[in-house]
Amino acid sequence: MNRRFFLTSVAMAIAAPGLAFAQDRAGPSSNEIMRRLDSAPRQHVRPEERVTIQEFRRRPDLRRSAPSIDIQAINFEFASAEIPRSEFRKVREIASAFDQLSRRRRGARFLIEGHTDAVGSRESNQILSERRAESLKRVLVREFGVPARILESVGYGEDFLLIDTPYEDWRNRRVTIRRIDEFVR
């Protein structure tokens with residue numbers, strides 16, 4: 001293992017426990033994705049209090065409560081939403097986790113969130129984040145057979161930065177996946 005990468009990973013693990021695996025540019029394994037998404041929500045929502053997917057997208061309190069994982073390992077070309085074939089191995093890990101979770105939890109549903117860093121205009125970042133989330137959904141459905149009915153996508157642009165900086169930071173350019181079936185009707 002590269003010494004610099006190892007030291008960076010250790011520093012990130014100390015600074016942000018639970019996110020160290022996301023620093024591995026190879027991406028999290030399907031088992032890690034499944035473990036994170038299969039965990040219990042931070043907040044229980046009674047069936048009569050469930051919301052529409054549109055409401056869920058606008059409610060940061062509910063989004064924070066849903067089991068989630070940040071995936072920073074999918075590398076998009078600059079200003080592009082296309083996922084290169086070289087990244088499909090990483091997407092396969094996500095598809096495998098979705099498959100296992102769908103078999104374990106009938107009715108499982110997932111929200112794919114696209115995020116950008118703060119470089120560029122707010123409008124262009126919003127559009128790019130939406131396109132990247134939709135691109136991941138499209139690849140999961142077309143290339144890996146994930147049922148489209150279990151996936152929703154949304155872009156948040158630069159609204160929810162992991163690292164609060166107006167500068168370029170690769171950790172902000174990510175996809176967050178949330179299991180939402182216990183929140184939406």
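Modeller: A residue is called buried when its relative accessible area is under 20%. By that cut-off, Phe56 and Phe183 are both buried. The model in which they lie is a predicted one, and its chain has an average pLDDT of 87, with 86% of the residues scoring at least 70. Confidence is highest in β3, at 98, and lowest in helix α1 (residues 3–15), where the mean is 37. Over residues 1–23 the pLDDT stays under 50, and the model has 20 contacts beyond four places in sequence for that stretch.

The whole structure contains 4 aromatic pairs. One of them joins Phe56 and Phe183 in a tilted arrangement, with 5.7 Å from centre to centre and 50° between the planes. Phe56 belongs to helix α3 and Phe183 to the segment after β4, so this pair links parts of the chain that are 127 residues apart. Glu49 counts as partly exposed because its relative accessibility is 38%.

Another of the pairs is formed by Phe98 and Phe110; it is stacked, with 4.2 Å from centre to centre and 20° between the planes. Because Phe98 lies in helix α5 and Phe110 in strand β2, the pair ties together parts that are 12 residues apart in sequence. Phe98 is buried, with a relative accessible area of 0%, and Phe110 also counts as buried, at 0% relative accessibility.

The largest core has 27 residues, and Phe98 and Phe110 are among the six members that touch the most others, together with Ile94, Leu136, Leu140 and Ile177. Two or more residues of this core come from each of α2 (30–37), β1 (68–71), α5 (88–104), β2 (110–115), α6 (122–144) and β4 (174–179). The largest share, 7 residues, is that of α5. A second, separate core of 12 residues includes Phe56, along with Val51, Ala66 and Val184.

The strand that carries Phe110 belongs to a sheet. Four strands form this open sheet, in the order β1-β4-β2-β3, with mixed pairing. Its edge strands are β1 and β3 (151–155), each of which pairs on one side only. From one strand to the next, the twist averages 20°.

Ile69 stands opposite Ile177 of β4, while Ser68 has Arg178 as its bridge partner in β4. In a regular strand, side chains alternate between the two faces of the sheet. Accordingly, Ser68 and Asp70 point one way from β1, whereas Ile69 and Ile71 point the other way, and all of them are buried.

Helices accompany the sheet. α2 lies across β1, β2 and β4, running at about 140° to β1. α6 packs on the sheet as well, touching β2, β3 and β4, and its direction makes about 160° with that of β3.

Terms used: Residues numbered from 1 in each chain as written. Predicted model: local features only at pLDDT ≥ 70, side-chain atom pairs only at ≥ 80, totals over all residues. Heavy atoms only, no water. Core = buried A, V, L, I, M, F, W, Y, C linked by side-chain atoms within 4.5 Å. Buried < 20%, exposed > 50% of the residue type's maximum accessible area, 1.4 Å probe, protein only. Pairing = 2+ DSSP bridges. Axes fitted to C-alpha atoms, helices over the stretch in contact; angles between N-to-C directions. Contact = heavy atoms within 4.5 Å. pLDDT = per-residue confidence, 0-100. Phe/Tyr/Trp six-rings, centres within 6.5 Å; stacked < 30°, edge-to-face > 60°.
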